[in-house]
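Subject: Handing over the structure

Hello,

Here is the structure I promised to pass on to you. Have a look at it first, and then read on for what turned up.

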Amino acid sequence: MKRFIIPVAFLVFAGFLYVALTSGLDPHTVPSPFIGKPAPMFSMSQLHEPAKKFSPADMKGRVWLFNLWASWCESCRDEHPLLLALSQQSVVPIVGLDYKDKAADAEAWLAKGGNPYLLNVSDPEGRLGIDYGITGVPETFVIDKHGVIRYKEVGMVTPENLKEKILPLVAQLEQEP
Amino acid sequence: MIPELGHFSLIVALMLALLQGVLPIWGAARGNAVLMGLARPVAAGQFVFVAIAFCALAYAFLTSDFSVLYVAQNSNSHLPAHYRFAALWGGHEGSILLWTFLLTIWTIAVGQFSKHLPQEMVARVIGVMGLISVGFLLFMLFASNPFERLLPAPGDGRDLNPLLQDPGMVIHPPMLYMGYVGFSVAFAFAVSALLGGHLDATWARWSRPWTTVAWVFLTLGIALGSGWAYYEMGWGGWWFWDPVENASFMPWLAGTALIHSLAVTEKRAAFKSWTVLLAIGAFSLSLLGTFLVRSGVLTSVHAFTTDPRRGLFILVFLVVVIGASLFLYAWRAPRIGLGGKFEVVSRESFLLANNVLLSAAAATVFLGTLYPLFVQALTGGQSKLSVGEPYFEAVFLPLMVPMVVLMGLGPIARWKQVSLLDLLKRVRWAAVVSFVLAAVLPFLLGKWTPLIALGLFLAFWTMSTVLVDLRKRMLRDGGVKGQSPSYYGMQLAHFGIAVFIIGVTLVKGYETERDVRMAPGETTVAGGYTFRFDGVRDIEGPNYRGVQGRVIASKDDKTVAQLYPEKRVYNASGMPMTEASIDTGLFRDLYVSLGEPIPDSNGAWAVRVYHKPFVDWIWAGCVLMALGGILALSDRRYRIHAKRKLAGGPASDDVVRKKQPARAVADRRSKTA
């Protein structure tokens, strides 16, 4: 009978694989060390009005999304309609970070695909990459009224995680003082 | 039309695979020769239809038919033709088709080269392979159809992942898959033996060449993947303990153990039940690797599209195939028996130690790769962690050190029993010479650390014990001809391990890395070479734009190499890529890659410069291992057996004997090998 330990052990292992697979846990949501920390400060030129600067401090008192994108990024094109729909509902302001991109390309891209952003910060050299622990484009941060990062989505925002995670969190943060 | 033809062919292939999986096995159980005889023709039919599907997809790629979703996702009209073809296995659906295609090729080969085997055995083996094929065809047809249409068709495709647009990547996946799929033959033999209840030395002899071929492919496939990572990633590393790499390494470790335990089973009829378990294990780990890579349960640097539904399908498939074979094993293995006895100090015990250590190594890689997943499942996703290089290096080294030491002794030891004193006496010079060389050489190379000395000792020990054994056998049996090719193959593969260890030790111990900001005309020094940066110029490729830098490497004021590292941006995906430039030499590589341009400067760039001594020995070692495998395969032992059975009549038997005194050779071999 001892031999049956092997297949039984394998089935237990398969059970683990099943849980990991179906729990809906996305391996890409690696806990970011930035969650719960104040969003790193910066002051950078806006995309459409380079003379004007933007700083996260400008958003104090509001819950907002900080969405990292670029005109060369394929997944950004996929998530774009969702962001447009979100912006039309006026639930939460979205600030864009145009990452490692040429301003002209980015403006053309927004003019063609529609602009869901309250405003855009231009970061052609990717200077914020390290401060914000960016692993790829797109990424989206949820930042609360005190300027603290509360959530980070690595990769595309999908309708599911928008509905199940981001919007409930935004609603909850709106209630917080 | 052509894509629909491909889709239809897959459906027909599925029907044939079902027949192939059911009828011959049933026939073998009932002793029905007609049903058993169906195995080969049905398998051939399945191969033809899968081949049609494969060609249909290749055609869609070569003609840039973007109305096929998979083509639109993985190709582009500006992609050069050879990459358009290789793009076939650049994504998930095509990889699975390639898997299945290779499986049918292996099945045909088994049918072809097993004419001398008993009919029940062949019927069962081909039947089991048919069942595996059923799983893959079902998967393709229901969860990942490569022929799915995308209507209206887009104007152009999204392009093949730029990381994969590289000659190494064109052959790496087919090689790797040949290895993975090849283990299905050993698996099918093991399951057939369990079904039939006959498990003896002949079973091991039949499985051995197949296992070796699969192992050779897997070895080359892993080496190619590692080489590709080295020059394509631009970090100068050659192994990252990434889950996808580990997924290919686990079957390799199990397969290596299997090759050795098959040897014992063939020669001494020992380890029988363990060998069967290893054969099941090696293929199970290949399937598990596919699951891990394709289901997305683990994160990896390899950017694969992942889909939980597919993961679930593969998981069910895994449970059916591995679960069923393990239950079969548990049920039938007690009949197999343990086989021949041996003493504590004997070649068997050395091979047993080899098996224990290799299996333990596979288990540690398994644990390290899947630990994040276990933790996640147990905590409901509350805690996430990843296991990295420090773990693997800390657990892997202690297992490999005794393994390599014993590897030197194993071939010298006799079967059954050997006197320990005698054995030690025979290797005393090898031990002393290796020890002294390993202790002194690092001083001459400029830096002494215990790890460098240990690595060098293991390499010299392996080389010298190979030479000691070769010399002894040559003196005893008179020249080179006295030994079988399989003996030389083994020693060549062991020698390859030594070459590999030298590469790893020296590159880890003595490499120099410079990550510097360089303006045109500036220089930096690494490993005794001076590197001068001459700035960059714009370049344009067929489907990318970019810049190319020029770096002149010189030593003692003499120019040694001109290096042209590139930074590309691919048009369709917009993905930036770093193309390192490498000057390869027998004793060192000079490796330069471009980082980012420095803003507001005079054309300055962040440049990474590496001096990597002996790095190519890592892959040279792998190639030697693979060559050793090929040499072992050329052993006449496997073929003579085939000819004698095939010839049947006494007349032709005589002819065979006249050409080659088969029995005499076989006798001598059992004495020496």
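This is a predicted model: local features need pLDDT of at least 70, side-chain atom pairs count only at pLDDT 80 or more; totals for chains, interfaces and linings use all residues.

Let me start with chain A. It has 5 helices and 7 strands, and along the sequence they follow the pattern α-β-β-β-α-β-α-β-α-β-β-α. The C-alpha atoms of chain A fill a box of roughly 80 × 40 × 30 Å along the principal axes. Of the 177 residues in this chain, 34% are buried. Among the chain A contacts with a separation of 6 or more, 73% join residues 24 or more positions apart.

Now for that hairpin. Strands S6(A) and S7(A) form it, with 5 residues between them. S6 covers residues 139-143 of chain A and S7 covers residues 149-154, and the two pair in the antiparallel sense over 5 bridges. One of the pairs to look for is Glu139(A), whose bridge partner in S7(A) is Val154(A). In the turn, Gly147(A) has a positive phi of about 80°.

S1(B) and S10(B), the latter spanning residues 605-613, are joined by 7 bridges, and Val516(B) stands opposite Val607(B) in S10(B).

Which residues touch the most other members of the largest nonpolar core? They are Ala186(B), Phe189(B), Ala190(B), Leu253(B) and Ala279(B), in a core of 185 residues. Helix H8 of chain B (residues 167-196) gives the most to this core, with 17 residues. Another core, of 38 residues, lies apart from it and includes Val63(A), Trp64(A), Ile166(A) and Val170(A). Beyond its neighbours within four places in sequence, Phe189(B) is in contact with Val125(B), Trp203(B), Trp206(B), Ser207(B) and Ala279(B).

One last helix: H6 of chain B, residues 92-113. Its 22 residues reach 32 Å from the first C-alpha to the last, close to the 32 Å expected at 1.5 Å a residue. H6(B) is mostly covered, with 17 of its 22 residues buried.

Enjoy exploring!

Best wishes

Note on methods
Residues are numbered from 1 along each chain as its sequence is written. Chains are lettered from A and ligands numbered from 1 in the order in which they are written. Helices (H or I, at least four residues) and strands (E, at least two) are DSSP runs, numbered from the N terminus. The expected span of a helix is 1.5 Å times one less than its number of residues. A residue is buried if 20 or more other C-beta atoms lie within 10 Å of its own, exposed if 12 or fewer, and partly exposed in between; C-beta atoms are placed from the backbone. Two residues are in contact if their C-beta atoms, placed from the backbone, lie within 7 Å. A nonpolar core is a set of buried Ala, Val, Leu, Ile, Met, Phe, Trp, Tyr and Cys residues joined through C-beta atoms within 7 Å. Two strands pair if DSSP finds at least two bridges between them.
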